[in-house]
Amino acid sequence: MREILAKKKVISVSPIIGDSPVSGPAGKLMAACGFQVSSKGVADCYGDILDIMVIDERDTADEADFDVKTIRFDTLMTSVEKSEALARRSLLY
């Protein structure tokens, strides 16, 4: 799968804000795999295939620490409209 994705444009939306997962097991999985529980950790996990990392506008991560282009949006998808807006904005890059 990584070989296929390496040939595509890959955009990741971090499921973590600060050091806390928004929901689900993301934090536990990241820690179990040896990655920092943070948006930077997500970027590091996918770094070899990742083109753009979307981090939440509330995240305190320093974009200079990332080895990939980062963009900031409101990533809390609390409605269909917000989810669609996030997808549309992400695809502009």
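The radius of gyration is taken over C-alpha atoms, and the globule rule applied here is 2.2 Å times the number of residues to the power 0.38. By this rule a compact globule of 93 residues would have a radius of gyration near 12 Å, and the value of 13 Å for the protein agrees. The structure is a predicted model, in which local features need pLDDT of at least 70 and side-chain atom pairs count only at pLDDT 80 or more, whereas totals for chains, interfaces and linings use all residues. Residues are numbered from 1 along each chain as its sequence is written, and side-chain values use heavy atoms, with hydrogens and water left out.

Four helices and five strands make up the secondary structure, where helices (H or I, at least four residues) and strands (E, at least two) are DSSP runs numbered from the N terminus. Their order along the sequence is α-β-β-β-α-α-β-β-α. The C-alpha trace spans about 35 × 30 × 25 Å along its principal axes. Among contacts (heavy atoms within 4.5 Å) between residues at least 6 apart in sequence, 40% join residues at least 24 apart.

The protein exposes about 5900 Å², of which carbon and sulfur atoms supply 56%; accessible areas come from the Shrake-Rupley method with a 1.4 Å probe, and for residues only the protein chains shown count as cover. Of the 93 residues, 33% count as buried, that is, under 20% relative accessible area, with exposed meaning over 50% and partly exposed in between (1.4 Å probe, protein chains only).

A nonpolar core is defined as a set of buried Ala, Val, Leu, Ile, Met, Phe, Trp, Tyr and Cys residues joined through side-chain atoms within 4.5 Å. The largest such core has 11 residues, namely Val10, Ile16, Met30, Val42, Ala43, Leu50, Met53, Ile55, Ala61, Phe66 and Val68. The elements that give two or more residues to this core are α3 (39–46) and β4 (52–56). A second, separate core of five residues includes Ile52, Val54, Phe73 and Leu86.

Helix α3 is largely enclosed by the rest of the structure, because six of its eight residues are buried. The buried positions are Ser39, Lys40, Gly41, Val42, Ala43 and Cys45. Their cover includes α1 (2–5), β1 (11–13), β2 (16–17), α2 (26–32) and β4.

Leu50, a member of the largest core, is placed in the loop between α3 and β4. Its relative accessibility is 8%, and Leu50 therefore counts as buried. Neighbours within four places in sequence aside, Leu50 is in contact with Val10, Ile11, Ser12, Ala43 and Val68. Leu50 and Val10 are 40 residues apart along the chain, yet their C-alpha atoms are separated by 5.2 Å.

Two further loop positions were examined. Ser14, in the loop between β1 and β2, is buried with a relative accessible area of 3%. Residues up to four places away in sequence not being counted, Ser14 touches Ser39, Val42, Met53, Val54, Ile55 and Thr75. Gln36 occupies the loop between α2 and α3 and, on the same exclusion of residues up to four places away, touches Met30 and Gly41. A C-alpha separation of 8.3 Å is found for Gln36 and Asp19, which are 17 residues apart along the chain.
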